[in-house]
Structure formats: C-alpha cells, structure tokens
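Welcome! Let's take a friendly walk through one protein chain and look at a few of its residues together.

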Amino acid sequence: MYYIKDYREGDKFSGVYLCKQKQILKSKAGKTYYSLMLQDKTGAVDGKIWDLTNAINNFEELDYISCEGFVTSYQGNLQINISRVRVADEGEFDPADYIPTTKKDRGQMLGEINQYVQSVTNPYLSKLLKMFFVEDQKFVKAFSENSAAKSVHHGFWGGLLEHTLSVTNMCQYYAEHYPVINRDLLIAAALFHDIGKIEEFTKFPKNDYSDEGQLLGHIYIGASKVDAAASSIPGFPEKLKTELIHCILAHHGKLEFGSPKVPALVEAMALHMADNTDAKLQTMTEMFEKAGDNMGWLGFSRVLDSNVRQTSREE
C-alpha cells in the first residue's frame, strides 16, 4: 500500500483509502463537484472530484474507496484531483491501515502516566486519580485509544494519551522550577484536564463530535466526572475539589477559546500554558509532516493565527 504521507505533487494517486468526509458542492459557475477528505493511518488529504463522469461510481462517507487521480497543490497543501472512484471490495483493504495512530509506544506512555498517579501524595487526590487510572480498566482502555481532537492536533488513535502525558511532563517541569505551585494539584489537573474527550468524540474510524461533544463539550464533561467522583470520596476537602475543577474549567485560558473560566490559580495558569504549548507545537508538527519537502509558506492557519513555513535546513 502507498501511504498518503509518501505522495508528492505531480505523483499519480492510486489505491484504496477511507473516505472520511464527503461534501456535494457547487462551483461559482453552478457546476456540481465533490469535496472529500481521504485518510489512511499516516494522515489525511483533501480530494476533489471536479468531473462527475461514468468513472465516478456511487460511494458514501466512511466507505473504503478505490480511486485514481493526480496529486496537485493548493495554498501550500497537497490536494488530490480524482478521476476514477468505486467502492472497494471486501478483501482489498485492511481497516487497520486507515486509522491514524500515535508513533509512540502506548504501553510505555501508560506506564509513565501510572508513575505520575503513584507520585501524588495528597491522600484525596491520590484516591481520586486511582479511581480512574488504576481501578477503572474500561476508562484506561478508552483513555489510551481515543484521539485528542477531530483534526487540529493529536487527532489519531492514542492521541489523548500522548497529549496528556506531554502536558503532564511540562507541568512537572513547572512544579520543579516554581515552588509557589502545588505540585499534587497541578499533576492531578494535568492528568484529568482532557478526560471529557473520551465522550466528546466518537470512536474510529469516524472520530467525529458526538451529541454530547456538540452540546456539552469536553471541558464540562470532564469537570462533571471529576466533581462526581471527588464527591463520592468521604471527607474530600471542598476547597481542594473546587480548585481542581477550576483548573479543568480554565485550561483553555480564555472565554473565547471555550474556557468557562479564565485561570485564577497559579496551577490553572501553568496547566493552560502547558496545554496550549503542546497543542500549538503539535499542530505545527503535523502541518510540516503533511507538507513534506515543501519549504515554502504553507498558508494561514486559523489555529495558529499565522502564515507558517518550515525552518530552513542546512545544505
């Protein structure tokens, strides 16, 4: 199989790919065309079917499709102009080839998460963390397999685990260098901050927003779960619970970015900065991986609020 990450502008595009999205649109001239998002485990690429000829057989979103076309470029990103499509037959593909997956070892990452859980000495936060990350194996499985986003960053199998560990590692650094930080509170908040994404997104291969995700969002979902679990622990200090939930509610930093509250505690500020750092740098990493050898400007990114390009390389 030829993977999406290996294609370059000018290549002939041919193979079986997951049709992640399909839109039927009209051009300014009133001509109907299809806009697709094709996916395999190495990434996704924008596809266009400009001419709806007899070579374009009927297919639907989330079908595995056999397609042919040519790789072009639009605004610095690869795009596929597709000339032939049919639904792939059973046996022509292995579904495992179409789920984008973390490049890191999930078992090792879970081990590091567990080390952080065991390192928390506050008895109430320790009990709360173990309720999720040690005692609830169904939660651990979902946490280790879910993505952290639909498409922006860590939108792959194991992405939530990878992102959470990265954020927690940064929070550990902050706690070591700024004694004003309550280390146990910050580590607990880092581990819990995105657990609502388990319910915010549907499972692969769809990996889209669920009804709960659309109506409530992962911040509310996660904060509610932590609130309920902490309330079930006898004697859990109310002030500590409120501070932990505040960190979760404020981790996007600003109201316009989806946070119900802005950071009012130093731990909440540290968590927000760690989360934002990992999200932005991973977004750039994924953009550069998709760009391949393209060293030019890649176009304006709404997430980064900037036009970006890769750093020049020494000859």
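## A serine in a loop

Where does S232 lie? S232 is in the loop between α8 (218-231) and α9 (238-249); helices here are DSSP runs (H or I) of at least four residues, numbered from the N terminus. Before we go on, please note that this is a predicted model, where local features need pLDDT of at least 70, side-chain atom pairs count only at pLDDT 80 or more, and totals for chains, interfaces and linings use all residues. Residues are numbered from 1 along each chain as its sequence is written, and side-chain values use heavy atoms, with hydrogens and water left out.

S232 is partly exposed because its relative accessible area is 48% (buried means under 20%, exposed over 50%, partly exposed in between, with a 1.4 Å probe and protein chains only). The side chain of S232 reaches the backbone oxygen of A229 at 2.6 Å. The C-alpha atoms of S232 and L128 are separated by 9.4 Å, although these residues are 104 residues apart along the chain.

## Rings that pair up

How many aromatic pairs does a search of the whole structure find? The search finds 17. Rings of Phe, Tyr and Trp (its six-membered ring) pair if their centres lie within 6.5 Å; planes under 30 degrees apart count as stacked, over 60 as edge-to-face and the rest as tilted. One of the pairs is Y7 with F13, a tilted pair at 4.6 Å centre to centre with 40° between the planes. Y7 is buried at 3% relative accessible area, and F13 is buried at 0%.

Y124 and F236 have ring centres 5.7 Å apart and planes at 65°, so this pair is edge-to-face. It links distant parts of the chain: Y124 belongs to helix α2 (residues 123-133), while F236 is in the loop between α8 and α9, 112 residues away. Y124 is partly exposed at 28% relative accessibility, whereas F236 is buried at 9%. Elsewhere, F132, F133, F139, F143 and F192 form one aromatic cluster.

## Charges over rings

The charged end of K22 sits over the ring of Y34, 4.7 Å from its centre. Likewise, the charged end of R309 sits over the ring of W297, 5.4 Å from its centre. For this, NZ of Lys or CZ of Arg must be within 6 Å of the ring centre and within 35 degrees of the ring normal.

## A valine in the open

V180 is found in the loop between α4 (159-177) and α5 (183-192). Is V180 buried or exposed? V180 counts as exposed because its relative accessibility is 63%.

Note on methods: Helix = DSSP H or I, 4+ residues; strand = E, 2+ residues; numbered from the N terminus. Polar contact = N/O pair within 3.5 Å; in protein donor to acceptor, adjacent residues only side chain to side chain.
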